[in-house]
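Hi everyone, thanks for coming. Let me put the structure up on the screen, and then we'll walk through it together.

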Amino acid sequence: MSVLYVCHGHPTFAKGGGELAAWRLFEAFRHRPGFEGSGFLAAASSPDHLPAGSELLGLSPDEWLIKRSPNPFFHDTAVNLSRGGQLHQALAGRNFKIIHFHHYLHVGIDLVLVLKRWFPEAKLLLTLHDYWGPCAYEGRLLRSSGDLCGGGDPESCDQCLGGGRRGVLAIRAHRLERMLGAIDHLISPSFFLKQRYLDWGIDPKRISVIENLPAPSSSIALPTSDADLSKPWNQETPLVIGYFGQVNPWKGLSLLIEAIVLLRAENVSVKLEVNGADAGDFEVIPDGVSFNGCYESEDLPLRMARVHVVAMASTWYENSPMVIQEAFQYGKPLIAPSLGGMAEKIQHECTGLLFDPGSVNSIAIQIKRFVEEDHLSSKLYDNVAHKKTAKAEEFDGHKKIYDALLCI
Amino acid sequence: MFRLIDALRLLRGAAHLDQLLRVSQEQLLAFGWRADAKAAVLLARTNTGRWLQVVAESPNLGRPDVAEQLQLPAFGDAGFQASLTLEPGESLTELWLQGHRQPLELRDVRGLPYIGVVDQLLRLCQAGQTPLERAPALFQAGLGRALQGLAVPLKPQEHWQGLIHRRKHFGVNASTAEITVVIPLYRRWDFMLGHVAAFCQDPWFQEQQVRLLYVVDDPTIETAVMGWCRGHLTDELLDVTVISLQSNSGFALACNSGILAAETPKICLLNSDVLPIHSDWLQPLLRTLQSVPEAMVAPLLLTDEGQIQHAGMVVQPLGIGDLPACVHSLKGLDPAQLKALSPDGLPYDVDLLSGAALMFERHRFLEIGGFHPVFGRGDFEDLELSLRWRRSGGLLKLVPSARLTHLERQSITHEQDPLTQWRGLLNAWQAKQLCQEIE
């Protein structure tokens, strides 16, 4: 049962959660008996990653990069999809039984349709990594005004897009409808995201909720030379909060920084380590905030070891943020907004603390509770430790879906 | 006569003829300005020795540029339009305006692209400078009749056939199809992506009961359209023909050419910005047409938010002269309010139908002459066709159970520039002339 994974980016060049989720599945399945011949097809993050004048690059016999679609609105495909074209030649002779898409962004809807044509016996599966279906603006269900949105209303979508786009919204809707009609089954990594797609009109029977595959346990071990770095927090030492991931306006890092400033002004002993950005990206860096720069996955054990708790402050719903999985893998409780996929994945006062989205005061209150409330932090650590050792069911979940699809 | 010329020159002052256009064998249109408020007087001598005097009686044209040049700020209406009628075989040999001899630079606009001539004439009427209220009288004074004459050669089917310079087929051959969906494209062609996505999910298209025919009425998009079709339609299970016209010919002629090029007995004509809502829209239209073959039937068109956009039209006064306006019945209302007109949801008769979405028998459309080409770029051609259809014994039926989305005015510019307004008024005037039914 060879599987072709199709992704909007290749993790060698783009470190987003969707790319990593797709890649981990590919890595997990490709070496399993019965899954030989699986492949990974991804959109190039930059034309520079492709040979001059080419739409395609073979990274290995089973990995291909294709030219990225420049149109995130119609989701058209930027490569020649005719039989005999470069891509057809690359995939010809393969016998994929499952084509598992992780996103249609950058690879395009046309690719979905053409792969169905080229591999008529294959079953098509799509993991939804964000809200591009109901949200044509930026796929986050976050309006241009910064307000959260339910999605799917042409008037609101048109406003976010600057007006005069009703026509293209209707075209887009038909293209998405056709593509989703060609997909045999959908996977949502969170119930929250599933519900948004149900609200948008997808048949509930067509979506299964399966969490993304976590990083393999072999990759999370701290080098023995650094083993003493990872010490549990006690109230004698400042609480080190870790921020992990990209820094952009909807990740809410500035809210976290403001909360740290507020707490330190109240003499709460707390520090913030930002992983994923450089200090140079910010004009003013308050006391207690440090920037560790970008990181690769192999840097994560050490970076995680330096912090006591992981925090997020996203102002959009998120889906199933990888940082939550990672924090749990490293035994770290989380402090996060009570919003969307984050509120689903983190149980308040069990595996983390949830705060009112967008509220600096609320962030500060929850951090202060973590620091000052008797037994709270130890309870969170215990629960996260239990979660860490729980058997991951994500692989089996995907395997069951693959098996079920082939029985249809 | 020469004394009259001298007197005019002395009395009337400066004047200038901007354009002298031959619009037919017998009719010339003159556009120019004069520097006083009195009527513009044209004196002409023909090759037969006949003298011709024309006093421009149509309303003045706005010419603020002339007022500024002549430093006569109060006289902003210096422009005029005049129509000169010649006898058969006659030609002009000399011409005077307000006593000033004018060079005989006669431009023959016959045979030039019609919609370009319409725009040229409207620009000469100083669209944007001349108040809209003067338009009906200006059209009445010669311009309207001139365009009717220029449209005559565009009416034969041979002309429609001759407009097609390229025809390409993509996808499968739906040889037993009964219906062709004809969609003209102008400027925006991205709606094709929506059509193809929607039609590919429609059992009627999947079962090859329907063909699709695009008319590219815009040479600037032809390469892009053909390229996209080659890349995306070759392997689709749709029967798609794309014809492209030599030049932009306007909605009426694009539709006529497409319908002539189609080969099925029934035609469904759609504006490019009409998209299906569900895949069950063709059946009720076809069923109605089969039961009333002499009918022209139309679906209920909804906005993308679900309100009624088109459920038939009625004529009402525009408020400028006696020009008509097409008013969409029930527009903006919830479709449930249609129950007042059709409690059982069955097709019902209407006064007029919009050209945005129609189904009819091809031979009837061709027999009555198709859309009238005098309407150029578009507007009011559907009103005129509706009335002509009824005059020929046909019926107009609205089928409420067939529903599509009309993204009205998405396929054309949003801006109501003066020229667009004048085109609309001109077409309203033409509709009024062609349809005695309009009171």
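I'll talk about the domains of chain A, and then about a sheet in chain B.

Quick housekeeping: this is a predicted model, where local features need pLDDT of at least 70, side-chain atom pairs count only at pLDDT 80 or more, and totals for chains, interfaces and linings use all residues. Residues are numbered from 1 along each chain as its sequence is written, while chains are lettered from A and ligands numbered from 1 in the order in which they are written.

Okay, chain A. It's divided into domain 1, residues 2-213 + 392-407, and domain 2, residues 217-389; those bounds come from an automatic or database domain assignment. Their C-alpha centres lie 30 Å apart. In the contact we find 16 residues from domain 1 of chain A and 13 residues from domain 2 of chain A, with contact meaning C-beta atoms, placed from the backbone, within 7 Å.

So which elements give two or more residues to the domain 1 side? They're helix 1 (17-30) and helix 6 (191-200) of chain A, and helix 6 gives the most, with 3 residues. Helices here are DSSP runs of H or I, at least four residues, and strands are runs of E, at least two, numbered from the N terminus.

Now chain B. There's an open sheet of 4 strands, in the order 5-2-1-8, with mixed pairing; strands pair if DSSP finds at least two bridges between them. Strand 5 (79-85) and strand 8 (106-108) of chain B each have a single partner strand, so one side of each has no neighbour in the sheet. Strand 1 (residues 15-22) and strand 2 (residues 27-34) of chain B pair in the antiparallel sense over 7 bridges, and B:Leu20 stands opposite B:Ala30 in strand 2.

Terms used: Contact = placed C-beta atoms within 7 Å.
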